[in-house]
Amino acid sequence: MRRIFWGWLILFFFLLVSLFVALGTGPVKISILALSPRDQTILLHLRLPRALSSFFVGAGLALSGAIFQGLFRNPLADSYLLGISSGASLGAAAALILGFTSPVAMFTGVSFFSFLGSLLALSLVFYFGSREGSFSVFRLLLSGLGVGLFFSSLVAILMIMAEEELKALIFFFMGGFSSSTWDSAWVAVTLVPASLAIALCYSRELNVLLLGEETAQSSGVNTRFIQVTYALVAAFLTSISVSVAGLIGFVGLIVPHVVRMIFGADHRILLPFTFLAGGTFLILCDTIAKAVLAPSELPVGVVTSLFGAPFFLYLLRRERGEYGL
Amino acid sequence: MSLPSRILAAGVAAATLLSLFSSGRASSPLLKERTFADDLGYAVRIQRSVKRIVSLLPSNSEMVCLLDCERLKGGTRYDRFPEELVRRVKEKKIEIVGGGFDPSLEKIVGVGPDLILVNGPSQQRVALPLKRMGFPVFSLYPREMDGIRRDFLILGEILDRGEKARRILAGVETDLENFRRKTRRNVKRRVYLQTWPEPMITVGKNSMSQWILELAGGINIFGDMPFDSGKISLEWVIQRNPEVLIFVDSQREFAERIRKLPGWREIDGVKKNQVCFIEAVYLRRTVLFLDGVKRVHQCLFGAVS
């Protein structure tokens, strides 16, 4: 318990520091003691929605990663493997290249259609992953792989059609918060915590599910309900993240693993800690992305992958044998 | 000296003599082939009378057409300039062999070219098999204005239109000089050029657009960015506070919205309604860059008298 208490304290401390750094960093020097109307606009309408977007997107991605890994009992499961990200890419590419505009005023065409794309991918994964009303997590995983590959090939076809949009599409694929405003931030700020609340409701059942489906069923857990609920929540989180900030890799993969190594695999602890750690990690990555090449920005996906890829490789090496890889 | 040695010596002498004639651009008019060095440093043997050219890059197609459009037999689906080229495509006198990234080898070979013009490293994937098949493949890969001038002159020599190339360039230089004379009293204005709205993408130090902006009397507020183009955030635009904002034409809808979006109203150019649109084609790499310069100048100061 002592460890958990200190864990909370340290995570909150890091979150506050990273928020403070994110709000204090930028090309315009702002003095908190003498705020001009311009400074207020920058602070309240540019930096704050950006910091909150990066926190909640990071939190959402990490949470969805923790759920996918727990649900599929697979350390490498994430939204990429399940084809959700490919669905989002297809939506974004279609909006950019075919010029689709969003029917909802507050969304850009890219955000709206990447959200639709990920939901479409999710429905297809569930459709092909189930048989006569029942499904197994492995069937879902394979179905995700198939849907993902199919959508990726459609994205490739759209990319061939692209001309000047290609650069924007590449930037989308690398993810980022450079255009964050309240219009996009509110989606993450409201829906990601709501998803966390749902996820926490059944975290005890998710723990039991880790012991195997049969054991869980014999313990009275409605395994099918839990699996569907968590798969929906995780996929929904991914689609929110993609619609707000494009594709950002590795947060969903590394953050849950780090938290699991430190605080163990109990989902009642793992899920909220992953949430906090993922958000804080992405705020820091975004601050680095803003600063390194100023005035130009590095896509935040590049920064997360820069940290994430070596860790991923380390993980691959470490888990060899244990998972039969 | 024995007979075989004499034959060998004569052979070496003849080969040396031949290579002297065939290397460099100033070779003998008697030879059927000449050798030119392309922008990647390859020596390419090209026959003296080139008649069938395939170009895999719009700017190269444009250069060929300005010199002698009849000899362009294959181009890309993105070729738009000059007008004569568009007309010849419609008349099916120019075969479209694909785009810059996806040209069809079969279509290129089908045209039966005696010269294939490619971009730099990015088109080597196509260039290599064509070279292996024995086609002369020449890379024109200019990165700045001097490079464009140089490549245009080389192309002029390859097509035996050296005089025409020099005449066109001299005309451009004269026009440029006149333009500079008329506009030299203008005070330079800080300008922001946005090529894509979400994410916001602008041009940097190494771009053709930067060169055009500066020639037109502007100072690119992101001219310190050491790339062709890059992603930036609105806060940087506010901090650099441009006097004029230029958007690529396709962003009219976005530009209409910016007055309602927070942050944009803090920028002098937005406050004073100094917002202008430019068609992307004006910013292309071309010897006819002056059209783009004049258009940007119009955005910055109004029309040139």
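The following conversation goes through a predicted model with chains A and B.

Visitor: What scores does the model carry overall?
Guide: This is a predicted model, and its scores are ipTM 0.75 and pTM 0.77.

Visitor: And what is the average pLDDT of chain B?
Guide: The average pLDDT of chain B is 86, and 89% of its residues score at least 70.

Visitor: Which stretch of chain B has a pLDDT below 50?
Guide: That applies to residues 15-27 of chain B. In the model this stretch has 13 contacts beyond near neighbours in sequence. Where pLDDT is low, the predicted coordinates should not be read in detail.

Visitor: Let us turn to the contact between the chains. How many residues does each chain give?
Guide: Chain A contributes 23 residues to the contact, and chain B contributes 25 residues.

Visitor: Which elements of chain B are involved on that side?
Guide: Two elements of chain B each give two or more residues to the side that touches chain A: strand 11 (229-231) and helix 9 (234-240). Helix 9 of chain B gives the most, with five residues.

Visitor: What is that side made of, by class?
Guide: The side of chain B that touches chain A has 15 nonpolar residues, together with five polar and five charged ones.

Visitor: On chain A, where does A:Thr181 lie?
Guide: A:Thr181 is in the loop that runs between helix 6 (165-174) and helix 7 (182-201) of chain A.

Visitor: What does A:Thr181 touch?
Guide: Leaving aside residues up to four places away in sequence, A:Thr181 touches A:His45 and A:Pro49, and also B:Leu261.

Visitor: Why does A:Thr181 count as partly exposed?
Guide: A:Thr181 has 17 C-beta neighbours inside 10 Å. A residue is buried at 20 or more and exposed at 12 or fewer, so A:Thr181 falls in between and counts as partly exposed.

Visitor: How far is A:Thr181 from A:Glu205?
Guide: Their C-alpha atoms are separated by 37 Å, with the two residues 24 residues apart along the chain.

Visitor: Back to chain B. Which domains are assigned there?
Guide: The assignment gives domain 1 (20-168) and domain 2 (187-301). The C-alpha centres of these two domains of chain B lie 33 Å apart.

Visitor: How many residues are in contact between those two domains?
Guide: In chain B, 11 residues of domain 1 are in contact with six residues of domain 2. On the domain 1 side, helix 2 (58-68) and helix 6 (145-158) of chain B each supply at least two residues. The largest share comes from helix 2 of chain B, with four residues. By class, this side of domain 1 has seven nonpolar, one polar and three charged residues.

Visitor: What is the strand order in the open sheet of chain B?
Guide: The open sheet of five strands in chain B has the order 5-4-3-6-7, with parallel pairing.

Visitor: Why do strands 5 and 7 have one side without a neighbour?
Guide: Strand 5 (95-96) and strand 7 (137-139) of chain B stand at the edges and have a single partner strand each, so one side of each lacks a neighbour in the sheet.

Visitor: Over how many bridges do strands 6 and 7 pair?
Guide: Strand 6 (residues 115-118) of chain B pairs with strand 7 of chain B over three bridges, in the parallel sense. B:Ile116 stands opposite B:Val137 in strand 7 of chain B.

Visitor: And strands 1 and 2, parallel or antiparallel?
Guide: Strand 1 (residues 33-37) and strand 2 (residues 43-47) of chain B pair in the antiparallel sense over five bridges. The bridge partner of B:Glu33 in strand 2 of chain B is B:Gln47. These strands of chain B form a hairpin with five residues between them, and B:Gly41 in the turn has a positive phi of about 90°.

Conventions. Residues are numbered from 1 along each chain as its sequence is written. Chains are lettered from A and ligands numbered from 1 in the order in which they are written. This is a predicted model: local features need pLDDT of at least 70, side-chain atom pairs count only at pLDDT 80 or more; totals for chains, interfaces and linings use all residues. Two residues are in contact if their C-beta atoms, placed from the backbone, lie within 7 Å. Ala, Val, Leu, Ile, Met, Phe, Trp, Tyr, Cys and Pro count as nonpolar, Asp, Glu, Lys and Arg as charged, and the others, Gly among them, as polar. Domain bounds come from an automatic or database domain assignment. Two strands pair if DSSP finds at least two bridges between them. pLDDT is the predictor's confidence in each residue, from 0 to 100.
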